[in-house]
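Have your viewer open and try each one before reading on.

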Amino acid sequence: SQASFEEDSQKQPAVGHWKPLMPSKGSKEEPETGCQDAGGVDETQSTEQLNVSRLRSSSVEIREKGSEFLKEELHKAQKELKLKDKECERLSKVREQLEQELEELTASLFEEAHKMVREANTKQAASEKQLREARGKIDMLQAEVTALKTLVITSTPSSPNRELHPQLQSPSKAVFRKGHGRNKSTSSAMVSAASQNVTPEPVSHECKEVDSILFAEFQAWKESPTLDKSCSFLDRIYREDVGPCLDFTKQELSELVRVAVEQNTLTIEPVASQTLPVVKVSAEECGGPKKCALSGLPRICKHRIMLGDSGNYYYISPSCRARITAVCNFFTYIRYIQQGLVRQDVELMYWEVMRLRREMSLAKLGFYPNEM
């Protein structure tokens, strides 16, 4: 501002014409003329001095105002600079906080990722272990199925293999155990069907002819095997064989035995020399070693039955046992057919069913082997 002021003062035109006070050499003017002009010169000089003093005072004022203005601007700039410093400091803190949060988040993400990897490895190891166990079980089940198929093929109710079926041994050769010895009707046929064969000649020497009606019913059932007795094949066998064979004097107990045989929950076991005491039922209901619970007649009972897991035992005579085991053998064989375990020709399976029906017919008429 001061520089502009000085520049303006230099550009400003002169107020008056400056004249020399003393005449120069060679001047032709007369002394009187200089005396006359002396008063006008003094006035001019005073005016010029006054203007110069005014200019100087105005210059000083301008300098002071400019200085004050600059101070104010400097003060404003310093305030703005302080505010910007504070803002920079705040932004720096925010950046540091964000960087710290980002580091913590990254660390937590890495930790979570490592944790997930560890859990995945643990689950994978557990899954592999379960897979190995499952494969082992599958192999074991396949081996059991193969053995069962071999057992069915090599040992059928018509020609059982006594070495594969220890329960088919005669009671005199069986080793009695104390307590409950249980043999399910499906896993073991309870008694050898061959041991019940009372015909003196082998079956292969007999003359036989296929009944067309019975064979057609069996073929229809074989295409879709089921244990529903509403089908014509099983309905006929229930009416002609199963029903009469399990029809005992004690009707209520007979019905319970029939249901247990159908549901495969009947257990037959030999009576040891020292039998356990029977609970929950009276002696009259369960019979005893010398009284059959199904017929109610005094008979020597070498076996007893249990229906399901009731814990109640019923003593049965050899004749009743033969009738029950004949029905169990029939149901065992048709269950094998239903499960696809019998790989034979349809006609051979039909004749095996007919043989089992004959065993039931003989048993219900009172025929049974001596070892019963």
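**Exercise 1.** Find which residues in helix 4 meet which residues in helix 8.

Solution. From helix 4, take F233, R236, I237, E240, D241, V242, P244 and C245; their partners in helix 8 are V353, R357, M360, S361, A363 and K364. Contact here means heavy atoms within 4.5 Å. This is a predicted model, where local features need pLDDT of at least 70, side-chain atom pairs count only at pLDDT 80 or more, and totals for chains, interfaces and linings use all residues. Residues are numbered from 1 along each chain as its sequence is written, and side-chain values use heavy atoms, leaving out hydrogens and water.

**Exercise 2.** Work out how helix 4 is oriented against helix 8.

Solution. Helix 4 (residues 232-245) packs on helix 8 at about 30°, and the axes are 8 Å apart. That makes the two helices roughly parallel (angles under 35 degrees).

**Exercise 3.** Now do the orientation of helix 3 against helix 8.

Solution. The axes of helix 3 (residues 212-223) and helix 8 (residues 346-364) come within 10 Å and cross at roughly 115°. Helix 3 and helix 8 are therefore roughly perpendicular (65 to 115 degrees). Next, list the contact: L214, F215, F218, Q219 and K222 of helix 3, with V346, E347, M349, Y350, V353, M354 and R357 of helix 8.

**Exercise 4.** How many residues of helix 7 are buried?

Solution. Helix 7 (residues 318-338) has 21 residues, and 19 of its 21 are buried (under 20% relative accessible area, 1.4 Å probe, protein chains only). Just after helix 7, G340 has a positive phi of about 75°.

Key
Axes are lines fitted to C-alpha atoms, for helices over the stretch in contact, and angles run from 0 to 180 degrees between N-to-C directions. Helices (H or I, at least four residues) and strands (E, at least two) are DSSP runs, numbered from the N terminus. Angles under 35 degrees count as roughly parallel, over 145 as roughly antiparallel, 65 to 115 as roughly perpendicular and the rest as oblique. The expected span of a helix is 1.5 Å times one less than its number of residues. Buried means under 20% relative accessible area, exposed over 50%, partly exposed in between (1.4 Å probe, protein chains only).
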